[in-house]
Amino acid sequence: ASSAVQSDMAAMVLWSKAPKSFPGALHRSFRRPSGGILCFAQGDVVNFCGDALAVSTSQALEGIERADWWGFAGRASADAALHMKMKGLAEECRKQRTQLDFAEVLVTRGPSQVQHLLHTAIPSHPASRDPASMPANVGSPLRPSMVDIETAEYFLHKAFTGLLEAAADLGAKSFCCPSIGCGCRAFPVETVARIGLGVFTSPPNAEIPYIEIRCTQREVLETWIEKTSEFGLERAGF
């Protein structure tokens, strides 16, 4: 069997072991041009089961919250959810680093069902400037990290690339990533999908058979899926 076929078979096994989301949740799998599977799964990243899980955090390695922004009202970021689930995670991160550079990757232990947790930080997109911010007594804003659009996209691409490289270096065969940047950093979903798909379909990343994009918001995943044909992805039979 060719290496591509072997990669597909390995990905199918990994997919069969992955926890499925709630009934009616969106789920689509695609064959990557370089081999392996790219899966889109509607669900919470804290429920992923596999080798490596990525999360976007703040440069201070704290659970991101955006209490002062109407666009993020009532929502918890993947980073905040993991910090709530894993008590002491911030302290564990800071044993290694007290500050992350943008797109740098820090590796710690994962939640019980994940071997490795990969932390990275990205700046806020200019779209995060909210003309109708909440009153100051509602919550604290993000620490300033605004850059121009070109710089924001550069660091997002570098973060996606660094996360995959770190997962491969750890020997991960399954890797899960949220739609980084689409939450409180306010990147346009189309931009995140374009940059993410460009990285996840590149040939060097074929050594990770199973890559999953997991998000609770169906419309975000649908935007990613709409762009798959632009990157040579074909629907898989599972």
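1. Glu 222 is partly exposed, its relative accessible area being 33%. In this predicted model, Glu 222 forms a salt bridge with Arg 218, and the closest N and O atoms of the pair are 3.2 Å apart. Arg 218 likewise counts as partly exposed, at 32% relative accessibility. An α-helix has 3.6 residues a turn, so residues three or four places apart point the same way.

2. Helix α6 spans residues 218-226, and within this helix Val 220, Leu 221, Thr 223, Trp 224 and Ile 225 are buried. The cover over the buried residues of α6 includes the strands β1 (27-31), β2 (37-42) and β7 (210-215), together with the helices α4 (149-169) and α5 (189-200).

3. Glu 153 is partly exposed at 22%, as is Arg 194 at 38%.

4. A further salt bridge joins Lys 227 to Glu 230, the closest N and O atoms being 3.9 Å apart; Lys 227 counts as buried, at 18% relative accessibility, whereas Glu 230 is exposed, at 56%. The count of salt bridges comes to six.

5. As to confidence, the mean pLDDT of the protein is 80, and 72% of its residues reach 70 or more. Over residues 1-5 the pLDDT is below 50, and this stretch has one contact beyond near neighbours in sequence. Residues 131-136 also have pLDDT below 50, with eight such contacts.

Key:
Residues numbered from 1 in each chain as written. Predicted model: local features only at pLDDT ≥ 70, side-chain atom pairs only at ≥ 80, totals over all residues. Heavy atoms only, no water. Buried < 20%, exposed > 50% of the residue type's maximum accessible area, 1.4 Å probe, protein only. Helix = DSSP H or I, 4+ residues; strand = E, 2+ residues; numbered from the N terminus. Contact = heavy atoms within 4.5 Å. pLDDT = per-residue confidence, 0-100. Salt bridge = Lys/Arg side-chain N within 4 Å of Asp/Glu carboxyl O.
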